Amino acid sequence: MEKQQKTIVAILFVTLVAVIGLWGVDFSQGYSMVSELTNDPQSHIGNEVNTMGNIKNGTLQVAPGIITFLLVDVEDHVSEIQVEYTGDLPASFAEGQGISLSGTMVSAQKIEAHQIVMGCPSKYTG
């Protein structure tokens, strides 16, 4: 095989590996803060959103088939939005914990989450 053909085969192989490795990765958007979602809800309603925050103390309600709580902005600690989740409870899911979630913003005050990831607990204490 000629050197040029070997180079073309190598480039095709690397491209194929990159495409397979990145298959299914969502590059469409990063995380929006809760305050961004609540300050301009009309541009997010009906769309997929990714956000993060803390589960507000006293708002967690777990019933068969549904979990609801208020998610509080991690920066301003004032903005909040209701979250409805129908999946399995993640490990260490509790009030006051930091989470990241993906879901659909169905109204100005509500997100229907389909994925929740718990934040990493800090190994440092104050």
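## Contacts, core and charge pairs in a predicted model

Ser-102 touches Glu-48, Val-49, Asn-50, Ala-113, His-114 and Gln-115, leaving out residues up to four places away in sequence. Contact here means heavy atoms within 4.5 Å. This is a predicted model, in which local features need pLDDT of at least 70, side-chain atom pairs count only at pLDDT 80 or more, and totals for chains, interfaces and linings use all residues. Residues are numbered from 1 along each chain as its sequence is written, and side-chain values use heavy atoms, with hydrogens and water left out.

**Ser-102**

- Ser-102 sits in strand 6 (residues 98-107). Strands (E, at least two residues) and helices (H or I, at least four) are DSSP runs, numbered from the N terminus.
- Ser-102 counts as buried because its relative accessibility is 11%. Buried means under 20% relative accessible area, exposed means over 50%, and partly exposed is in between (1.4 Å probe, protein chains only).

- Met-33 belongs to strand 1 (residues 32-33). Its relative accessible area is 12%, so Met-33 is buried.
- Met-33 and Asn-50 are 17 residues apart in sequence. Their C-alpha atoms are 8.5 Å apart in space.
- Beyond its neighbours within four places in sequence, Met-33 is in contact with Thr-51, Asp-73, Val-74 and Glu-75.
- Thr-51 lies in strand 2 (residues 48-55). Thr-51 is buried because its relative accessible area is 0%.
- A polar atom of the Thr-51 side chain lies 2.6 Å from the backbone oxygen of Ser-32.
- Contacts of Thr-51, neighbours within four places aside, include Tyr-31, Leu-37, Leu-71 and Ile-111.

**Salt bridges**

- Side chains of opposite charge can pair when their charged atoms come close.
- The whole structure has two salt bridges. A salt bridge is a side-chain nitrogen of Lys or Arg within 4 Å of a carboxyl oxygen of Asp or Glu.
- One joins the side chains of Lys-56 and Glu-80 (3.0 Å, N to O). Lys-56 is in the loop between strand 2 and strand 3 (61-63) and Glu-80 is in strand 5 (residues 80-85), so the pair ties together parts 24 residues apart in sequence.
- Lys-56 is partly exposed, at 32% relative accessibility. Glu-80 is partly exposed, with a relative accessible area of 32%.
- Lys-110 and Glu-84 form a salt bridge through their side chains (3.1 Å, N to O). This pair links distant parts of the chain, with Lys-110 in strand 7 (residues 110-118) and Glu-84 in strand 5, 26 residues apart.

**Nonpolar core**

- The largest nonpolar core has 18 residues. Such a core is a set of buried Ala, Val, Leu, Ile, Met, Phe, Trp, Tyr and Cys residues joined through side-chain atoms within 4.5 Å.
- Strand 7 gives the largest share of this core, four residues.
- Among the residues with the most contacts inside the core are Phe-69, Phe-93 and Ile-116.
- Ile-116 is in contact with residues including Phe-69, Phe-93 and Leu-101, neighbours within four places aside.

How values were computed:
Polar contact = N/O pair within 3.5 Å; in protein donor to acceptor, adjacent residues only side chain to side chain.
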